Amino acid sequence: MQISFSQQELESIIEPLSTEGKISIAVTSVAALDKAQKGDLAFLSNLKYKAQVPTSKASIILIAADYEGHPNANQAYFRVNNPSHALAKLCLAIEKRLWPKPLAGIHPSAIIDSSAEVNPEASIGPLCTISAGAKIKKDVVLGAGVHIGIDVIIDEGSILMPQSRVLDYCRIGKRVKLHSGVVIGSDGFGYYFNGAAHLKIPQVGNVIIEDDVEIGSNTTIDRARFSQTRIGLGTKIDNLVQIGHNVEIGKHCIIVAQSGIAGSTILEDYVVIGGQVGIADHVRIGQGTKVGSQSGINSDLKAGSNVRGAPAYSYMFAQRLEVFRKRLPELFERVSTLEETIRLLQNEDCKSNY
Amino acid sequence: MQISFSQQELESIIEPLSTEGKISIAVTSVAALDKAQKGDLAFLSNLKYKAQVPTSKASIILIAADYEGHPNANQAYFRVNNPSHALAKLCLAIEKRLWPKPLAGIHPSAIIDSSAEVNPEASIGPLCTISAGAKIKKDVVLGAGVHIGIDVIIDEGSILMPQSRVLDYCRIGKRVKLHSGVVIGSDGFGYYFNGAAHLKIPQVGNVIIEDDVEIGSNTTIDRARFSQTRIGLGTKIDNLVQIGHNVEIGKHCIIVAQSGIAGSTILEDYVVIGGQVGIADHVRIGQGTKVGSQSGINSDLKAGSNVRGAPAYSYMFAQRLEVFRKRLPELFERVSTLEETIRLLQNEDCKSNY
Amino acid sequence: MQISFSQQELESIIEPLSTEGKISIAVTSVAALDKAQKGDLAFLSNLKYKAQVPTSKASIILIAADYEGHPNANQAYFRVNNPSHALAKLCLAIEKRLWPKPLAGIHPSAIIDSSAEVNPEASIGPLCTISAGAKIKKDVVLGAGVHIGIDVIIDEGSILMPQSRVLDYCRIGKRVKLHSGVVIGSDGFGYYFNGAAHLKIPQVGNVIIEDDVEIGSNTTIDRARFSQTRIGLGTKIDNLVQIGHNVEIGKHCIIVAQSGIAGSTILEDYVVIGGQVGIADHVRIGQGTKVGSQSGINSDLKAGSNVRGAPAYSYMFAQRLEVFRKRLPELFERVSTLEETIRLLQNEDCKSNY
């Protein structure tokens, strides 16, 4: 990583309340307090790690205004209101240095159908393939080897990372980010079994990705059987997720890696799905629902649900069930003891009857 | 989606028993009854949705012959024997319009080794790479950026979607469809641990995909350690599935998204595997077996099994176990009550003994 | 597979203790004893299959020195100390024939930034894209369509299979093998929820892959939020695995297909993770730990742990729990019987009190 910031540059980026100490070398990396070396910037955002501050080798430490303590030699403290926010400012500055806006224009090796329209302020990387009728709008960035299908629209400001693919007739909104290896618009998985073989049901719909969506690497989103598979505004999807045909995902949802959502299921807005979750087809997940990692959902969930497990129950009940499951060996023993006690009681009864 | 059908065209495609009503605009999309707008065609295949027919805004509705009711103004009913079949006919017609057969020939940007053979009736998209000794047969379609390895054979009529890959020495049958991002023939995962490090076991077999198979986007199928990994005739595999080395999958199986099948396992014919299932290595799954979503299989299953759960049990038993598991809190309480009752009984006994 | 070995060639490769019998045809494949045909070589490594030897149609059979029995007509036995080791020698020889070292040099269709450095002894396949500042060292092989990002370093002897991608600023060690579709360095999944929308947290770290690592097809490894995501020396990762940002994986670990490891989690050395496992974020897995397939881990594990299940418990306890879970129907019945017995006892007591 070729980044390098002088103390002065960092002060102008982070705008600390005050600084204490002075370093002469450049900061070239960010690191955790206990791992930081000379040239690193570290930060204390969680007081749990407070004890690591005095011994940290970081050249600069972001620290709360009321922290008591002073920098070592060749070290500086930046006192700030919120070390996490201060760090975020710095990371944004680093991001801009690492990835300056690419130049507009079309790499000569890109293959662009004569009927496609590429805005002159878009940036098309090497070896992209853009099919007939596609429209690439202003400020779009296609990395190397991106494939754009027939009549696809990529709206303003979207970024498609290297070797992502948007297949025929799909629509990508504004400021969307698609990561490498994404497949938008593969066929839905639909067959009709005629008693001997599975016959393909044509999948003639498309996929609509609304504005401000981000989709992780190697995630797959299938086109609708007809009409649309839809990913709502601001939704963020992690890597290796599978979204089936005709699924409709609402606004501002979160779907963590390796989860799968089967055909025609609906997620309302602000749903949060943990990693490796499976959701059956034709199910409706109510607004604001949270689903724990590795859960299995096979029926509707009301708005505001908080569930986990496979099959999933409410968070509290699932946790209670697990506590009891862990105590199964004990329970079997208690039942055996009861049986034994009763046998004895019965015997005594018998005896006492005589 | 640039489709557009006049009522007359739709009548010639769908061949309804009778039509009632007349529309002057073109139909440009298919939609569900309750979501359909002007210009949409809708259908009543499930009587559950019967009440949606009179208020549907669809321009044309496919409807059973005996449906009682009449179209609104600017609406037409097509009465048919089976609305689902009628819809399938239409979808097939749409498919043909959206994806007309691509022209035969080789895009000038494709990189084809001089020893590869490409049938003149095949269609090779831009930026494909076809390696030494490969054979691409008649009517094969390679989308943009497909990679074909050394000595690979792609048999007649197969369609490889953009950026799918068939690695060295693998064989693809007739009328196979490989979706974007598929990897056929990556190394099997085999190592020998020498006490300090994992040494690679060479993977020198290949993968055979038989006729009429379809494989979903970003699915991976590993080459055999030696001999073959085999996917049988007519089997359909969904997205993001992992098939290990030397696996043998029979004919007409279904494997839903994100399932994984470990090395050397055998699926007999007509097996159906739900989503996110894991099957251990060296296991045999009998013909016609059904495995529920998210199951874990680690031993052989007899033909005709119907299992679910991790570990998997018969469908009925798994369901029963789940019913009992849900009642664990109740059971603990009942056992506590029993213990209390017995304590009292013992005390009474004690008293009565005095 | 275009391999072909005469008996004489095989003798010089395998160096048997002795041979018995003579074949005149070439060996063109390796197969299991019961499936082998004329022209195949088979082997008896597991005595379980001993009975298959006399009826095997293999042309050559690798067999232990003390095996009693003699080859059929047109068949030869190679007696060896260890048939598995002998087979490994042969597979290595096959591997060398199937994949001779590719010629050094750059395919004319590759797109290489003028500021990138490609060692003259590296082999760059067709349609690779190599970005500014990247360094490709000696003996590296890039298959067709590999993408290398800005300032990436690929160290000596690494092999990147077709259409694998190493994104900006990541580092790949020596003798690493990346399979097709791998994504190294996609953004970590980090957002800050402001009450209305999820705001992206910049991901400005990178990924370091140490020497002798192998990473399976379509696996995704995210770049760190800052600093590094790291895969340690000699670790082997299977297909479709997800590694989150800032994860640190130790040396010589094994991670089987479709597992996912969430952000900032640490695996110490020699950890073995089965297939479809999920590991939560910020967890530490101690050295040499073994995690069974489909497990869910959400807290630290001590060195040498052996766990399974979701949530995971020690192997023994998890197995015990499962035995008891299977007996839940019985337990419910026993409790019902106890309740009935006590009711009767109480009635008797009542009676006896009168």
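Reader: Which residue of chain C forms a salt bridge with Lys200(B)?

Author: Glu214(C) does, and the closest N and O atoms of the pair are 2.6 Å apart. A salt bridge here is a side-chain nitrogen of Lys or Arg within 4 Å of a carboxyl oxygen of Asp or Glu.

Reader: Before I go on, what am I looking at, and how is it numbered?

Author: This is a predicted model, where local features need pLDDT of at least 70, side-chain atom pairs count only at pLDDT 80 or more, and totals for chains, interfaces and linings use all residues. Residues are numbered from 1 along each chain as its sequence is written, chains are lettered from A and ligands numbered from 1 in the order in which they are written, and side-chain values use heavy atoms, with hydrogens and water left out.

Reader: Back to B and C. How many salt bridges cross that interface?

Author: The rule finds four between chain B and chain C. It also finds 27 residue pairs in polar contact there, both residues at pLDDT 80 or more. A polar contact is a pair of N or O atoms within 3.5 Å; within protein, one must be able to donate a hydrogen and the other to accept it, and residues adjacent in sequence count only if both atoms are side-chain atoms.

Reader: Which element of chain B gives the most to the side that touches chain C?

Author: Helix 4 of chain B, with eleven residues. Helices (H or I, at least four residues) and strands (E, at least two) are DSSP runs, numbered from the N terminus. That side of chain B divides into 30 nonpolar, 24 polar and 17 charged residues. Ala, Val, Leu, Ile, Met, Phe, Trp, Tyr, Cys and Pro count as nonpolar, Asp, Glu, Lys and Arg as charged, and the others, Gly among them, as polar.

Reader: What area is buried between B and C?

Author: About 5,300 Å², with carbon and sulfur atoms giving 62% of it. Phe189(B), His198(B) and Val204(B) supply 13% of the area that chain B buries against chain C, more than any other three residues. Buried area is the accessible area (1.4 Å probe) that two parts lose on being put together, summed over both.

Reader: Now the other side. How many residues of chain B are in contact with chain A?

Author: 61 residues of chain B are in contact (heavy atoms within 4.5 Å) with 71 residues of chain A. One salt bridge there joins Glu248(A) and Lys35(B), at 2.6 Å from N to O. Helix 4 of chain B makes the largest share of this side, twelve residues. The residues on this side of chain B are 32 nonpolar, 17 polar and twelve charged.

Reader: Different topic. How is chain A divided?

Author: Into domain 1 (7-98) and domain 2 (164-311), with bounds from an automatic or database domain assignment. Their C-alpha centres lie 40 Å apart.

Reader: And which residue does Glu20(A) meet in a salt bridge?

Author: Arg79(A), at 3.0 Å from N to O. The pair links distant parts of the chain, 59 residues apart: Glu20(A) is in strand 1 (residues 18-20) and Arg79(A) in strand 5 (residues 76-80) of chain A. Over all chains the structure holds 54 salt bridges.
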